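Here is a short briefing to read alongside the model. Please keep the sequence and the 3D view open as you go.

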Amino acid sequence: MLIAADKFKGSLTAVQVAERVTAGLRRVVPEVEVEALPVADGGDGTVDAAVAAGFERREVRVAGPLGHEVTAAFALRGETAVVEMAEASGLQRLPAGVFAPLTASTYGSGELLRAALDAGARTIVFGVGGSATTDGGAGMLSALGARFLDADGEPVAPGGGGLAELARADLTGLDPRLASVELILASDVDNPLTGPKGAPVVYGPQKGASPDDVEILDAALAHFAKALEEPLGPEAAKYAASPGAGAAGGIGYGALLLGARFRPGIEVMLEVLGFAPALRWASLVITGEGSLDEQTLHGKAPAGVAAAARAADKEVIAVCGRLALPPEALGRAGIRRAYPLTQVEPDVVKCIADAGPILERVAEQIARDFLT
């Protein structure tokens, strides 16, 4: 049996999900063979999944989204690095209840990429998601040597709001090592940079942006892309309209400017984590995440796991905290059956607080249904 589940956000890491499911299965069938392969789709938890798969965890001090220094991690195996922007610039790096939609910066994410280059990485999987930022990747590019100047020749203020004052973009100082590195933009978001489906409109409110803030940010990012036409020509507008440019507050746009190749996050991570070899011997695959809902079907980890398993003619079931998909939608996704924690404990608050023990009880039921 192969357990390839994502985290239950706010309750359990992907590693803990695998541990709890294993414990529950073995309570009913002690001899069951289980391989755990925690997965992630490029968002928060991606580095942890890579470390669980055998990558080395590297820690470095970088700037958080508000400029305060934080300890962030990336994962390294050989010449391949997994860098998670949320480690440096994610919402979890903000103080509780504090948002900074106009001023939060991705500078620390650029420092993480630079640390991966310093460690000898030749391939960098750049997982983006869960950001506190909407700066189009300007902070990240600044950390890598770009300069964004106002009319007086001074650096613009950090964050997406500061880009409204941008007069000149200078990319000549970008780290030359970037030209010889394979950079993969791993995300489950295919939004463009701006417009009705762009980063500020769709995701800004999640980061504390008011309707006025959203207008300011959308205009500022459009101005940013226009200013980049001077050094880049028509490529600047082309990248802004490309799928993935709006990922993680537009950091996808900055990555595309660096020559990144956009790929669905779960697809990339399954390759990096070695899912195909682990799948060969598995008779049953258990996947899952905190909430199985419509978003799951659009590139989230369980859908990616199920698609890959179905292609290999393997049966898939799912565990989750909350189930908001009908059986026919699960079936179309390649998931035979889902087991929500709320099936055991209807009180959602208790499910979140006691997710581990409840998940073990769910796993016991799976063992009775499929292994006995």
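Predicted model: local features only at pLDDT ≥ 70, side-chain atom pairs only at ≥ 80, totals over all residues.

Residues are numbered from 1 along each chain as its sequence is written, and side-chain values use heavy atoms, with hydrogens and water left out.

**Nonpolar cores**

- The largest nonpolar core has 54 residues; a core here is a set of buried Ala, Val, Leu, Ile, Met, Phe, Trp, Tyr and Cys residues joined through side-chain atoms within 4.5 Å.
- Ile124, Phe126, Phe148, Phe224, Leu228 and Tyr253 have the most contacts inside this core.
- Helix α10 (residues 247-257) gives the most to this core, with 7 residues; helices (H or I, at least four residues) and strands (E, at least two) are DSSP runs, numbered from the N terminus.
- Another core, of 39 residues, lies apart from it and includes Val125, Ile266, Ala306 and Ala338.
- As background, nonpolar side chains tend to be buried together in soluble globular proteins.

**The aromatic cluster**

- Phe148, Phe224 and Tyr253 form one aromatic cluster; rings of Phe, Tyr and Trp (its six-membered ring) pair if their centres lie within 6.5 Å, with planes under 30 degrees apart counting as stacked, over 60 as edge-to-face and the rest as tilted.
- The whole structure holds 2 aromatic pairs.
- Phe148 and Phe224 pair edge-to-face, at 5.4 Å centre to centre with 75° between the planes.
- That pair links distant parts of the chain, with Phe148 in strand β7 (residues 147-149) and Phe224 in helix α7 (residues 211-227), 76 residues apart.
- Phe224 and Tyr253 also form an edge-to-face pair, at 5.9 Å and 80°.
- Phe224 lies in helix α7 and Tyr253 in helix α10, so this pair ties together parts that are 29 residues apart in sequence.
- Phe148 is buried at 4% relative accessible area; buried means under 20%, exposed over 50% and partly exposed in between (1.4 Å probe, protein chains only).
- Phe224 is buried at 0%, and Tyr253 is buried at 0%.
- Beyond its neighbours within four places in sequence, Phe224 is in contact (heavy atoms within 4.5 Å) with residues including Asp135, Leu141, Leu163 and Leu166.

**Helix α4**

- Of the 12 residues of α4, 9 are buried, among them Gly108, Glu111 and Leu117.
- The expected span of a helix is 1.5 Å times one less than its number of residues, so α4 (residues 107-118) should span 16 Å, and its end C-alpha atoms, 17 Å apart, agree with that.
- Gly120, which follows α4, has a positive phi, near 95°.
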